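Hi,

Here is the structure for you to look over. My notes on one part follow below.

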Amino acid sequence: MTTLAGLEYTYINAPRTMQGVSVGLFYMVLGITQSASVSLSYSFNLIPGFRNFSGNSNDLYYIFFALGGSLLIYLVIFILVARQIRWN
């Protein structure tokens with residue numbers, strides 16, 4: 001649902017000639033963030049002493065806090081970029 005709202009916001013607020021490019025960039029950023037979260041979860045499997053994070057582990061809170069930390073970093077980047085935009 002969040003993806004649909006973001007996609008609609010991107011499409012509506014883009015200039016008519018840039019709507020396709022903005023949707024493409026939206027999907028590119030979405031793919032990059034999904035790849036980052038998958039690689040983060042796989043990197044936890046490489047740490048000795050950690051169990052396999054298959055979804056049945058009690059140690060999933062490590063991934064939860066790591067993804068929460070990355071979300072906080074994305075939020076800071078978003079705020080820095082949003083301050084540069086002139087809103088109508």
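The model is predicted. I looked at helix H2 and began with its buried side. The buried residues of H2 are Gln19, Ser22, Val23, Phe26, Ser41 and Phe44. What covers them includes helix H1 (residues 2-13) and helix H3 (residues 61-84).

Next, the helix span. H2 runs over residues 19-45, which makes 27 residues. At 1.5 Å a residue, the span should be 39 Å. The end C-alpha atoms are 40 Å apart, which agrees.

Ser22 sits in helix H2. Its relative accessible area is 14%. Buried means under 20%, so Ser22 counts as buried. A polar atom of the Ser22 side chain lies 2.9 Å from the backbone oxygen of Gln19. Leaving out residues up to four places away in sequence, Ser22 touches Thr10 and Ala14.

Phe26 is also part of helix H2. Its relative accessible area is 19%. That value is under the 20% cut-off, so Phe26 is buried as well. Setting aside neighbours within four places in sequence, Phe26 is in contact with Thr3, Gly6, Leu7 and Thr10. Take Leu7 from that list. Phe26 and Leu7 are 19 residues apart in sequence, yet their C-alpha atoms are 7.0 Å apart in space.

Best wishes

Definitions and conventions. Residues are numbered from 1 along each chain as its sequence is written. This is a predicted model: local features need pLDDT of at least 70, side-chain atom pairs count only at pLDDT 80 or more; totals for chains, interfaces and linings use all residues. Side-chain values use heavy atoms; hydrogens and water are left out. Helices (H or I, at least four residues) and strands (E, at least two) are DSSP runs, numbered from the N terminus. The expected span of a helix is 1.5 Å times one less than its number of residues. Buried means under 20% relative accessible area, exposed over 50%, partly exposed in between (1.4 Å probe, protein chains only). Contact means heavy atoms within 4.5 Å. A polar contact is a pair of N or O atoms within 3.5 Å; within protein, one must be able to donate a hydrogen and the other to accept it, and residues adjacent in sequence count only if both atoms are side-chain atoms.
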